[in-house]
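Look at the sequence and the structure below. Then follow the text with the structure at hand.

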Amino acid sequence: MNTSAQETLQKEQIIFNQARADISKDGVLMYAGNLLRRAAMLYADVPALIHQDARMTYKELYHHACRLSKTLKERGVKPRDRVLIFIENSPLFYIAYYGA
């Protein structure tokens, strides 16, 4: 196995181990946003989404999701509130999913 493949495997193992720490007693993943945040830290410039001719890195996806999250909070959305996402299949869906 080459060095690049080993480094990738090690990073994926780190993400997996950290994700396990976010699992509650019930076995339910507590926050999907934590996984995106970790991916943005570890794979900042790696494409997270490819849609037609557009690409978005993990860092960009995390940035856009955080901006949406901040906007929702400013408009009164609180943790555990339900948010309807009605968007066609596109990168905007993932921004809404992680930002809501």
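The model is predicted. Begin with helix H2 (32-42) and helix H3 (residues 58-74). How do H2 and H3 cross? Their axes come within 8 Å and cross at roughly 140°. Angles over 145 degrees count as roughly antiparallel, and those from 65 to 115 as roughly perpendicular; H2 is therefore oblique to H3. The crossing of H2 with H3 is left-handed. On the H2 side, the contact is made by Leu 36, Arg 37, Ala 39 and Ala 40, while H3 brings Tyr 58, Lys 59, Leu 61, Tyr 62 and Ala 65. Sorted by class, this contact has 7 nonpolar and 2 charged residues, with no polar ones.

Now turn to the next pair, H3 and H4. Helix H4 covers residues 91-99, and H3 packs against H4 at an angle of about 55°, with the two axes 8 Å apart. H3 is therefore oblique to H4. The hand of this crossing is right-handed. From H3, the residues in contact are Leu 61, His 64, Ala 65, Leu 68, Ser 69 and Leu 72; from H4, they are Tyr 94, Ile 95, Ala 96, Tyr 98 and Gly 99. What classes of residue make up the contact of H3 with H4? There are 8 nonpolar and 3 polar residues, and no charged ones.

The last topic is empty space. Rolling a probe the size of a water molecule over the atoms shows where such space is left. In this model, the second largest pocket holds about 170 Å³ of space. Its lining consists of 11 residues, and Leu 35, Leu 36, Ala 39, Tyr 58 and Tyr 98 lie nearest the centre of the pocket. Which elements give two or more residues to this lining? They are H2, strand E1 (47-51), H3 and H4. Helix H2 gives the most, with 4 residues. By class, the lining has 11 nonpolar residues, with no polar and no charged ones.

Methods:
Residues numbered from 1 in each chain as written. Predicted model: local features only at pLDDT ≥ 70, side-chain atom pairs only at ≥ 80, totals over all residues. Heavy atoms only, no water. Axes fitted to C-alpha atoms, helices over the stretch in contact; angles between N-to-C directions. Parallel < 35°, antiparallel > 145°, perpendicular 65-115°, else oblique. Left-handed = near helix turned anticlockwise from the far one by under 90°. Contact = heavy atoms within 4.5 Å. Nonpolar A, V, L, I, M, F, W, Y, C, P; charged D, E, K, R; others polar. 1 Å grid on protein atoms, 1.4 Å probe; cavity = no way out; pocket = protein on both sides within 12 Å on 5 of 7 lines; lining within 4 Å. Points joined across faces, edges and corners; volume = space filled by probe spheres on them.
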